[in-house]
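Here is a friendly note to read with the model open on your screen. Take the points one at a time and find each residue as you go.

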Amino acid sequence: MRISVSSDMDEPVARSLVAALRERGHEVRPHGALRAGDDPQWAVCSEAAAREVADGTADQAVVCCWTGTGASIAANKVPGVRAALCTDAYTADGARRWNDANVLALSLRLTSQPLLTEILDAWFAGEPSADVEDRQNIDRVRLLDHGKTRL
């Protein structure tokens, strides 16, 4: 899987994230502080990673900043992106299952190495729900991407 990864700071957890994704066999596309010469501002690098998901050059993305909040906000401004700020494995599983999230947002401050592993395990094990109500909610979010609230 091609995964875009952005971070506004070159922190140990961001480097661990890149290494963990590569160890899992994913092709990592770094942005921000993770790529020399890139703009490391959280809004800029999170948007860049999210745009790769929206345009199909990446299958998913992981965006990081100190709290994870700014990175998730910036990513969610890109139509077609459903970014979820996950601070535990249960939230990561639910984000994939009920929200069909395609971008994982992480806090560089809160995410320890063991927690990172748990979150990634849950994220990659999770699959979008086939439940009719869950699919209807995702369809509604897609409409919102285009400024609509009705078909």
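1. Start with D139 and R142, whose side chains meet in a salt bridge at 3.2 Å, N to O. The term salt bridge is used when a side-chain nitrogen of Lys or Arg is within 4 Å of a carboxyl oxygen of Asp or Glu. D139 and R142 are 3 residues apart in helix α6, so about one helical turn separates them. D139 is partly exposed at 42% relative accessibility, and R142 is partly exposed too, at 36%. Here, buried means under 20% relative accessible area, exposed means over 50%, and partly exposed is in between, with a 1.4 Å probe and protein chains only.

2. Before going on, please keep in mind that this is a predicted model, in which local features need pLDDT of at least 70 and side-chain atom pairs count only at pLDDT 80 or more, while totals for chains, interfaces and linings use all residues. Residues are numbered from 1 along each chain as its sequence is written, and side-chain values use heavy atoms, with hydrogens and water left out. Helices (H or I, at least four residues) and strands (E, at least two) are DSSP runs, numbered from the N terminus.

3. Which residue forms a salt bridge with D100? The partner is R135, with the closest N and O atoms 3.3 Å apart. D100 is buried, with a relative accessible area of 11%, whereas R135 is partly exposed, with 24%.

4. One more to find is between the side chains of R15 and D10, at 2.7 Å, N to O. R15 is partly exposed at 42% relative accessibility, and D10 is partly exposed at 47%.

5. Next, look at how helices pack. Two packed helices are described by the angle between their axes and the distance between the axes. Axes are lines fitted to C-alpha atoms, for helices over the stretch in contact, and the angles run from 0 to 180 degrees between N-to-C directions. Helix α4 (residues 89-99) and helix α5 (residues 113-125) pack at about 20°, with their axes 8 Å apart. That makes α4 roughly parallel to α5; angles under 35 degrees count as roughly parallel, over 145 as roughly antiparallel, 65 to 115 as roughly perpendicular, and the rest as oblique. The contact (heavy atoms within 4.5 Å) is made by A89, A92, D93, A95 and R96 of α4 with E118, I119, A122 and W123 of α5. By class, this contact has 6 nonpolar, no polar and 3 charged residues. Ala, Val, Leu, Ile, Met, Phe, Trp, Tyr, Cys and Pro count as nonpolar, Asp, Glu, Lys and Arg as charged, and the others, Gly among them, as polar.

6. At what angle do the axes of α2 and α3 cross? The axes of helix α2 (residues 42-54) and helix α3 (residues 69-76) cross at roughly 50° and come within 8 Å. That makes α2 oblique to α3. W42, A43, S46 and A50 of α2 make the contact with G70, A71, A74 and A75 of α3. These residues divide into 6 nonpolar, 2 polar and no charged.

7. Stay with α3 for a moment. Its buried residues are G70, A71, S72, A74 and A75. What covers the buried residues of α3 includes α2, β3, β4 (83-85) and β5.

8. V63 is found in strand β3 (residues 60-65) and counts as buried at 0% relative accessibility. Leaving aside residues up to four places away in sequence, V63 touches S6, S46, A49, A71, S72, A75, V103, L104, A105 and L106. S4 lies in strand β1 (residues 2-7) and is buried, with a relative accessible area of 0%.
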